[in-house]
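Biologist: I would like to walk through this model with you. Can we take it one question at a time?

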Amino acid sequence: MNSLSIVLPAKNEALALAELLPRLRAVQPAAEIIVVDDGSTDETPEICARHGVKCLTSPYSMGNGAAIKRGARVALGEILVFMDGDGQHDPIDVSRLVEKLEQGYDMAVGARDWESQAGVGRGLANTLYNWLASRMTGHVVADLTSGFRAVRAARFREFLHLLPNGFSYPTTSTMAFFRSAYPVAYVPIKAAQRIGKSHIKPLRDGPRFLLIIFKIATLYSPLKLFVPTSALFFVVGGLNYAWTFIHSDRLTNMSTLMWSAAVIVFLIGLVSEQITALTYRRDT
């Protein structure tokens, strides 16, 4: 079996870590466990020291994604498991994710069911994200934003330069793996209610997550976004021309504007596709 490192980003999660770390150590005694303390002001370092766990401290908060990147850089294992430090994820599921990698997958993601969603709003938002991502990739994406996942370390480090410092590292890494044809599997899990207060604010982070979806769409396959948009402009221009031709027997500026926009959007898509291809040349 390949060596295993478990990385837990944590910001003021001392209460949850005090319960989680002994359970994690009990089920994965040989694993390297790394808590990346993202500028906590509580007893996170002391809790880690008490349980013999490596703790990477930061003088200030850099974000969840930044913590993941720092942990991935120092981890020694050939397989990395990322899980939240707030107690939502069950340590027993770590072995289920790792088993998927042993079957030939490069990434295994813990997919939450509806009952595990943190509220109706979050559940609906995640359903939308999963649908969009599935449409973009052509594969079923069961849980785009789940932070509980196992990856082959070498594969994951190829994309560290793409990962944002905020909460969207699961989205980015998932799309990057699909884009690079690295097999991704989903493992159904039950997620518990987090211990303590969530750091995600729906009003602030909801639009940000949606914006990230479109950013990732352009990064994954820009033409899948730009071609339908271009076609929409072209069809609207054609319908407007048909209407004005029937009623006033003329071609209006609006139709010309719509068709011009269709051509411009399509060309932008072509350029974006080339930029994306250049971005992924680093992977080869």
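Biologist: Among contacts in the protein chain between residues at least 6 apart in sequence, what percentage join residues at least 24 apart?
Modeller: Keep in mind that this is a predicted model. The count takes contacts between residues at least 6 apart in sequence. Of these, the share that joins residues at least 24 apart is 74%.

Biologist: How many helices and strands are in the protein chain, and what percentage of its residues count as buried?
Modeller: The chain holds ten helices and seven strands. It has 284 residues. The part that counts as buried is 48%.

Biologist: In what order do the strands of the open sheet run?
Modeller: The sheet has seven strands, and the pairing is mixed. β3 (54–57) and β7 (184–189) stand at the edges with a single partner strand each, so one side of each lacks a neighbour in the sheet. Neighbouring strands are turned by 20 degrees against each other on average, direction ignored. The order is β3-β2-β1-β4-β6-β5-β7.

Biologist: Which helix packs on the sheet and touches β1 and β2, and what angle does its direction make with that of β2?
Modeller: The strands touched are β1 (4–10) and β2 (32–37). The helix is α1, residues 14–27. Its direction and that of β2 make an angle of about 160 degrees.

Biologist: Which residues stand opposite Ala108 in β6 and in β7?
Modeller: β5 (residues 107–112) pairs with β6 (residues 149–152) in the antiparallel sense, over three bridges. With β7, β5 pairs in the parallel sense over six bridges. Opposite Ala108 stand Ala150 in β6 and, in β7, Ala185.

Biologist: Why can helix α7 be called largely enclosed?
Modeller: α7 covers residues 169–179. Its buried residues include Tyr169, Met175, Phe177 and Phe178.

Biologist: What distance separates the end C-alpha atoms of α9, and what span should its residues give?
Modeller: α9 has 27 residues, 222–248. At 1.5 Å a residue they should span 39 Å. That agrees with the distance between the end C-alpha atoms, 38 Å.

Biologist: Is Asp143 buried or exposed, and which backbone nitrogen does its side chain reach?
Modeller: Asp143 lies in the loop between α5 (120–137) and β6. Its relative accessible area is 1%, under the 20% cut-off, so Asp143 is buried. Beyond neighbours within four places in sequence, its contacts include Val109, Asn130, Arg149 and Tyr186. At 3.3 Å, its side chain reaches the backbone nitrogen of Ser146.

Biologist: Which residue has a side chain joined to that of Arg23 by a polar contact?
Modeller: Arg23 is found in helix α1 and counts as partly exposed, at 35% relative accessibility. Leaving aside neighbours within four places in sequence, Arg23 is in contact with Asp90 and Pro91. The polar contact is 3.2 Å, and the partner is Asp90.

Key
Residues are numbered from 1 along each chain as its sequence is written. This is a predicted model: local features need pLDDT of at least 70, side-chain atom pairs count only at pLDDT 80 or more; totals for chains, interfaces and linings use all residues. Side-chain values use heavy atoms; hydrogens and water are left out. Helices (H or I, at least four residues) and strands (E, at least two) are DSSP runs, numbered from the N terminus. The expected span of a helix is 1.5 Å times one less than its number of residues. Two strands pair if DSSP finds at least two bridges between them. Axes are lines fitted to C-alpha atoms, for helices over the stretch in contact, and angles run from 0 to 180 degrees between N-to-C directions. Contact means heavy atoms within 4.5 Å. Buried means under 20% relative accessible area, exposed over 50%, partly exposed in between (1.4 Å probe, protein chains only). A polar contact is a pair of N or O atoms within 3.5 Å; within protein, one must be able to donate a hydrogen and the other to accept it, and residues adjacent in sequence count only if both atoms are side-chain atoms.
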